[in-house]
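Please read it alongside the sequence and the structure.

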Amino acid sequence: MRSDYLFTSESVSEGHPDKVADQISDAIVDLFLSKDPESRIACETLTTTQLVVLAGEIRCKGVYENGAWAPGAQEEIERTVRETVKRIGYEQDGFHWEKFEFINRLHGQSAHIAQGVDAGSNKDEGAGDQGIMFGYATDETPDLMPATLYYSHKILERMAADRHSGAAPFLEPDAKSQVTLRYEGSLPVAATAIVVSTQHAPGYDEGEKEAELHAYVKRVVAEVIPPVLLRDTVYHINPTGSFEIGGPDGDAGLTGRKIIVDTYGGAAPHGGGAFSGKDPTKVDRSAAYITRYLAKNIVAAGLATRCTIQLAYAIGVSQPLSLYVDTHDTGTVGDDAIEAAIMKIGKLGGLTPRGIRTHLGLNKPIYAKTAAYGHFGRKPEGDLFPWERLDLVDDLKAAFA
């Protein structure tokens, strides 16, 4: 591995058009799971100028059964969508939570998919699709996340908090960040470049108001990134100049287009499947969560300083096809020994879709908060972000005692 290199990750704000779509899709997931924990949901969202479209397949007792909507269900869906956009903060001429056209094209789940996923008298519940999923952890940050992505998220989270509180009234919802760090060995030593593009109120692209916006962004960066890393840092703040038109009015948004932002910022592989809009029988979501959980607990247990885990599934089949652990030559025990130890931990349920959901408690309306600022590296609170818990550390240590 190279001992001196640059690495970059980006993040996008809750007002980015793709993230608006993700948050709407996950708000629908939460709505259905709150009605029926065994719901099946695959909800895709399109956003553009004054338009939101839902499409996909669902099954939900009391909401959509036998090919028909329950009374008031479609109205509740629309209300949920509009409340999500209102919470983000869109009240613009080109995209307003009260004024956009709403089209609902959700329909019933394919019976052929259902027969593979549902448990039966002769089989356990199967995976909702085939695919490969990856999890990752590194000791670069307290949250065991890649530092480039960690700081990219934190910059935009701080800016969003200031926008919502009124501390930075010139900010609008759409924004992007990017952080480039220089690494020596495996640790970051300097931030060589920071890029922040933020939608802004009229007039903040020239003169004193532009200077105010630039000074504000640099102040946020200085509060988020340790001063020791901010040496000779080059800043690119709204490098195109004006950024008044943004969000779905500036660029169409789709669910699932920010999968690298959602995961590890490019520091780890990605299987390709998005998370948002999917119920936890879809292993694109649940298996990605369990692999993060495993990798994080392995690093926290002192078995490695970096860890990548892969799982693979076939649609309709309950047992994973493979488990792969790579500690990148940082492990204190063999990677094959970690694989064997994982499969012997009974509470994980053999890493079947049902076992994952049961252990992590995933059949709950916990997903709307995942849909902006990353699914990983978040603080577990109550039912939220259970894959970030460190409650497997003792089991892993015991396996090698």
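The text below describes a predicted model, starting with loop residues and ending with a helix contact.

**Loop residues**

Pro37 sits in the loop that joins helix H1 (17-35) to strand S2 (40-48). Its relative accessible area is 41%, so Pro37 is partly exposed. Between Pro37 and His270 there are 233 residues of separation in sequence and 28 Å in space, taken C-alpha to C-alpha.

Gln50 belongs to the loop between S2 and strand S3 (51-59). Leu351 is found in the loop between helix H9 (335-344) and helix H10 (353-360). Gln50 is a residue other than glycine with a positive phi, and Leu351 is likewise a residue other than glycine with a positive phi. The values for these two residues are as follows.

| Residue | Phi | Relative accessibility |
|---|---|---|
| Gln50 | near 50 degrees | 19%, buried |
| Leu351 | near 60 degrees | 0%, buried |

Gln50 counts as buried because its 19% falls under the 20% cut-off.

**Helices H8 and H10**

Two packed helices are described by the angle between their axes and the distance between the axes. The axes of helix H8 (residues 283-300) and H10 come within 10 Å and cross at roughly 60 degrees. H8 is therefore oblique to H10. The crossing of these two helices, H8 and H10, is left-handed.

On the H8 side, the contact is made by Val283, Ser286, Ala287, Tyr289, Ile290 and Tyr293. H10 contributes Pro353, Ile356, His359 and Leu360. Of the residues in this contact of H8 with H10, eight are nonpolar, two are polar and none is charged.

How values were computed
Residues numbered from 1 in each chain as written. Predicted model: local features only at pLDDT ≥ 70, side-chain atom pairs only at ≥ 80, totals over all residues. Heavy atoms only, no water. Helix = DSSP H or I, 4+ residues; strand = E, 2+ residues; numbered from the N terminus. Buried < 20%, exposed > 50% of the residue type's maximum accessible area, 1.4 Å probe, protein only. Axes fitted to C-alpha atoms, helices over the stretch in contact; angles between N-to-C directions. Parallel < 35°, antiparallel > 145°, perpendicular 65-115°, else oblique. Left-handed = near helix turned anticlockwise from the far one by under 90°. Contact = heavy atoms within 4.5 Å. Nonpolar A, V, L, I, M, F, W, Y, C, P; charged D, E, K, R; others polar.
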